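Please look over the sequence and the structure before reading on.

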Amino acid sequence: MALRNAVMAALLEGEASGYDLAKGFEASVANFWMATPQQLYRELERMEGDGLVRARVVQQERRPNKRLFSLTAEGRGVLRAYVAEGPAKPPAIRDELMVKVQCVDIGDAADIEAVRTAVAERVERATAKLARYRRMRERMLAGRTEDEYLATAERVGPYLTLQGGMALERANLQWGDTVLKRLEQRVAALGGPARARG
């Protein structure tokens with residue numbers, strides 16, 4: 001999937017400046033697609049040149065003018081064609097932490113502790129992301145049950161992708177807790193210091 005498809009998906013929420021889009025990307029699309037603000041700005045420029053988005057300039061006092069981007073009819077057509085394509089490619093996973101865990105037996109207790117620290121950091125990040133996603137879910141539901149929301153919301157895609165992000169972070173937490181426990185046992189068996197998890 002190209003970054004432009006994720007950008008167009010984010011613009012389905014409505015017109016946005018590059019800055020607002022970057023913030024919104026972090027808050028909504030980030031649970032399935034990561035990009036830096038610089039990547040987003042470059043992609044918006046290319047998309048405008050390709051006629052997929054249009055920009056309008058909003059004059060501001062005391063602040064620089066800003067450009068607001070929206071999807072064009074051509075952009076919506078490209079997005080529809082993308083959605084209609086055959087099965088999505090499986091994600092390519094390149095996870096440096098998994099390589100470290102794979103190599104955990106190469107050294108002594110101190111090396112295991114270094115990997116354990118890296119896993120604990122992953123658990124901490126997953127905990128924070130899951131809390132953020134739960135807050136986003138509560139804002140989306142706005143007091144409604146999930147069934148009520150899904151039956152009445154104008155768009156259900158953002159909610160369904162948020163559920164995917166939450167499931168991924170719950171899986172990260174479960175895996176991380178298991179790895180931390182096993183590595184703690186391993187360090188103890190090697191006669192090294194055992195520390196409290198997380």
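The sections below go from the whole chain to single residues.

## Basis of the description

This is a predicted model, in which local features need pLDDT of at least 70 and side-chain atom pairs count only at pLDDT 80 or more, while totals for chains, interfaces and linings use all residues. Residues are numbered from 1 along each chain as its sequence is written, and side-chain values use heavy atoms, with hydrogens and water left out.

## Overall form

The protein has 8 helices and 3 strands. Both kinds of element are DSSP runs numbered from the N terminus, with at least four residues (H or I) for a helix and at least two (E) for a strand. Starting at the N terminus, their order is α-β-α-α-β-β-α-α-α-α-α. The protein is more spread out than a compact globule, because its radius of gyration is 22 Å, well over the 16 Å that the globule rule gives for 198 residues. That radius is taken over C-alpha atoms, and the rule is 2.2 Å times the number of residues to the power 0.38. Along the principal axes, the C-alpha atoms fill a box of roughly 65 × 45 × 40 Å.

Among contacts (heavy atoms within 4.5 Å) with a separation of 6 or more, 57% join residues 24 or more positions apart.

## Surface and charge

Of the 198 residues, 31% are buried. Buried means under 20% relative accessible area, exposed means over 50%, and partly exposed lies in between (1.4 Å probe, protein chains only). The protein exposes about 12,800 Å², of which carbon and sulfur atoms supply 54%. These areas come from the Shrake-Rupley method with a 1.4 Å probe; for residues, only the protein chains shown count as cover.

There are 32 positive and 27 negative side chains, and the centres of the two sets lie 2 Å apart. Lys and Arg count as positive and Asp and Glu as negative, without His and the chain ends. Each charge is placed at NZ of Lys, CZ of Arg, CG of Asp or CD of Glu.

## Buried places

Helix H1 (residues 3–11) is mostly covered, with 8 of its 9 residues buried. Among them are Leu-3, Val-7, Met-8 and Leu-11.

Ser-17 lies in strand E1 (residues 16–17) and counts as buried because its relative accessibility is 5%. Leaving aside neighbours within four places in sequence, Ser-17 touches Lys-66, Arg-67, Leu-68 and Phe-69. The side chain of Ser-17 also reaches the backbone nitrogen of Asp-20 at 2.9 Å, a polar contact. Such a contact is a pair of N or O atoms within 3.5 Å; within protein, one must be able to donate a hydrogen and the other to accept it, and residues adjacent in sequence count only if both atoms are side-chain atoms.

Arg-122 belongs to helix H6 (residues 109–141). At 16% relative accessibility, Arg-122 is buried too. Apart from neighbours within four places in sequence, Arg-122 is in contact with Asp-95, Leu-97 and Asn-172.

## Residues in loops

Arg-62 sits in the loop between strand E2 (53–58) and strand E3 (66–71). Arg-62 is not a glycine, yet has a positive phi of about 65°; its relative accessible area of 85% makes it exposed.

The loop between H6 and helix H7 (146–152) holds Ala-142. Ala-142 has a positive phi of about 45° although it is not a glycine, and is exposed at 55% relative accessible area. Arg-144 lies in the loop between H6 and H7 and is partly exposed at 32%. The side chain of Arg-144 reaches the backbone oxygen of Met-140 at 3.0 Å.
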